Amino acid sequence: MSPLKIKKGSSKHSAYNLRPTFSDVQERHTLAVLVENEPGVLARVIGLFSGRGYNIESLTVAEVDHKGHLSRITIVTTGTPQVIEQIKAQLTRIVPVHEVHDLTVEGAFVERELALIKVAGKGDDRVEALRLADVFRAHVVDSTLESFVFQLTGTPDKIDAFADLMRPLGLVEIARTGVAALSRGT
Amino acid sequence: MVVQALIDQGVDTVFGYPGGAVLPIYDEIFQQNSIKHVLVRHEQGAVHMAEGYARSTGKPGVVLVTSGPGATNAVTGLTDALLDSIPLVVLTGQVPTFMIGSDAFQEADTVGITRPCTKHNWLVKDTEKLSATIHEGFHVAKTGRPGPVLIDIPKDVQFASAEYQPMQKVSTSHYQPVIKGDPKMIEQLVEAIENAARPVFYTGGGVINSGPAASQLLREMVEATGFPITSTLMGLGAYPASGKAWLGMLGMHGLYEANMAMHGCDLMINIGARFDDRITGRLDAFSPNSKKAHIDIDPSSINKVIKTDIPIVGDVAYVLEDVLNLWKARGRKVNRDGLAKWWKQIEEWRAVDCLKFKQEGAVIKPQYALQRLEELTKGKDRYICTEVGQHQMWAAQYMGFEDPNRWMTSGGLGTMGYGFPASIGVQMAHPESLVINVAGEASWLMNMQELGTAMQYHLPVKQFILNNERLGMVRQWQQLLHGERYSSSWSESLPDFVKLAEAFGAKGIQCSDPADLDDAIMEMINYDGPVVFDCLVEKHENCFPMIPSGEPHNKMLLGDAKATNAIAGKGAVLV
């Protein structure tokens, strides 16, 4: 049970906070959801997460099979094992959802994200930014005399690390696509 | 096209209310005789009527309302049907496609608003797809865990013509939930049944939704094993109340023996119920020593709040048939010694007689009123609806249900105002039967305008109102939790119900004396037409037994308990 100390009739906590979980370990899972590409399907998925209080760390969506009208939604979420199971079961219940894959438990998988990172600076900072970009294998996709836009692909951790390094060197703006993921092998 | 699709789906009754955006469909309804349209007085009423129709027949209920306010008024009913898994197909009109998004007159984002309160919904922008979408809608509403669907049809789509797609040609292949249970899990369950010393069946609305075969198999299973059985509010009638293994309803206001059996069992077999918070009470103390099996067609119900040892995803009827066959094939074994002891223990709990009350003095006790109603109507071809509150719990406690689909109540959402329209829907489907709505005066007033509908269609629904001039359940909680400060929980300026009935052309009866009660009830039953029965009852009666919020099943309050401030601590935040 939660250690809430609740004064009679005065709590703002939801009753659901009193729910014991089967295990308290927070896990991070990457889910791939194949959906019918119809209007409102993304709203259904997002509505499920907000309505039932689940977390979304990252979400990407795009059509992957034009002929078959299929889109692929990749969701990175966190929760206890019980919550993760609930999320999968609830997703499966949505009528236009065809398949739900939990890549985290189904075996090895690749996870990639693309980021565009704008860094402004002069002199040594600018040189250092370019040198680090080279180390991270980021490409320069736009340049002025006082700024760069780097394009970087990799795991979310790698992008976090690069962004942290750029911050003291003049990080201005960052745009990230969110995670796309596929299982390894056949 | 819409009307043709409905006829092909076997629809005979539509509950609805016209408006600008559905006039083309209403024009078609006017020009045919296959489908009867029931003009309601408020769209919420239409949806509850369709729910009553659906629950009492097993067929989807159909609703037709207009755009904007027509659709928003339907939202409560949709949510109610979603939580209680009632199959509905709701058709809403919409402004023409070229005006969508322009804040047109009576425009609302209906599919947006109803997305979280339907099983699925569609906005049909192309007449070519209209008939196929309606057929798919019926498929989705009925298949798997049933639920409400909504189809939003812009007015220009209604006017345009296209080729009709018959229902056989519509592909529904991608939505096909699992109905057969996993044989390995079924084997585990059979093994558990063979060994359990203190088993209990805990059944729910899923048994009724699965159809008559499921109730039949359940009865066979209970008789064959000799296991005790309890049921949720939604599942009443799947097993007959007169059956000898029947423990009565369980849960917050369930019977002592039922809750104690749940708490003390070593094998709990959940069939089509969902471990709702009204059932479980305090989760970490819920049935602490039992192995739990759970049969449900909806995978998301399993392990949602209670960890299950033997999960079986499938349709109740299919799974029960497999379980029963395997159990028979393995020699019909049960733990006889254990069971005998278990029943002895249950008989001791039964002896507590938790529903006892004393009818004394000149004021009718609500329990007495329902006991008499039960006595005078049981054995008849009878359907009971309820509103929500104390009267609902008393009806569940004091009335006995012998068959499925005979008990219509708002369980999950707890919608006051449900019962009256639901009773109209039931009576539409069963014109010759006795349909009674057990109500509280406050709930009943929430949809009382439907008295006009009952009169217009000559529906002799009986409104049995337990009038305590209080919001009884609210008042009870204020007594238990808020130091007897009765904030806004009494009904002031109540109408004269007899005159109110008469104003609509219905019959009104008032009864306040216990000695007159039987005659008054008989008068209500024998009158050929709608009756509003104003039964003046004890004002401060509490509904017991009760598991206070945040307490486990074995900490029930019985009728003689000191009730004031009984809910405290963590339980106080629970509803």
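Here are a few friendly notes on aromatic rings and a helix pair in this predicted model.

1. Before you start: residues count from 1 along each chain as its sequence is written, and chains are lettered from A in the order in which they are written. Local features need pLDDT of at least 70 and side-chain atom pairs 80 or more, while totals for chains use all residues, and side-chain values use heavy atoms, without hydrogens and water.

2. Over all chains, the structure holds 15 aromatic pairs (ring centres of Phe, Tyr or the six-membered ring of Trp within 6.5 Å; planes under 30 degrees apart are stacked, over 60 edge-to-face, the rest tilted). B:Phe15 and B:Tyr53 are edge-to-face, because their ring centres lie 6.1 Å apart with planes at 65°. This pair links distant parts of chain B, with B:Phe15 in strand S1 (residues 13-16) and B:Tyr53 in helix H3 (residues 43-57), 38 residues apart (DSSP runs: helices H or I, at least four residues; strands E, at least two; numbered from the N terminus).

3. Now look at chain A, where A:Phe136, A:Phe148, A:Phe150 and A:Phe162 form one aromatic cluster.

4. A:Phe162 also belongs to helix H5(A), where A:Phe162, A:Leu165 and A:Met166 meet A:Ala129, A:Leu132 and A:Ala133 of H4(A) (contact: heavy atoms within 4.5 Å). The axes of H4 (residues 123-135) and H5 (residues 156-166) of chain A come within 10 Å and cross at roughly 165° (axes are lines fitted to C-alpha atoms, for helices over the stretch in contact; angles run from 0 to 180 degrees between N-to-C directions).
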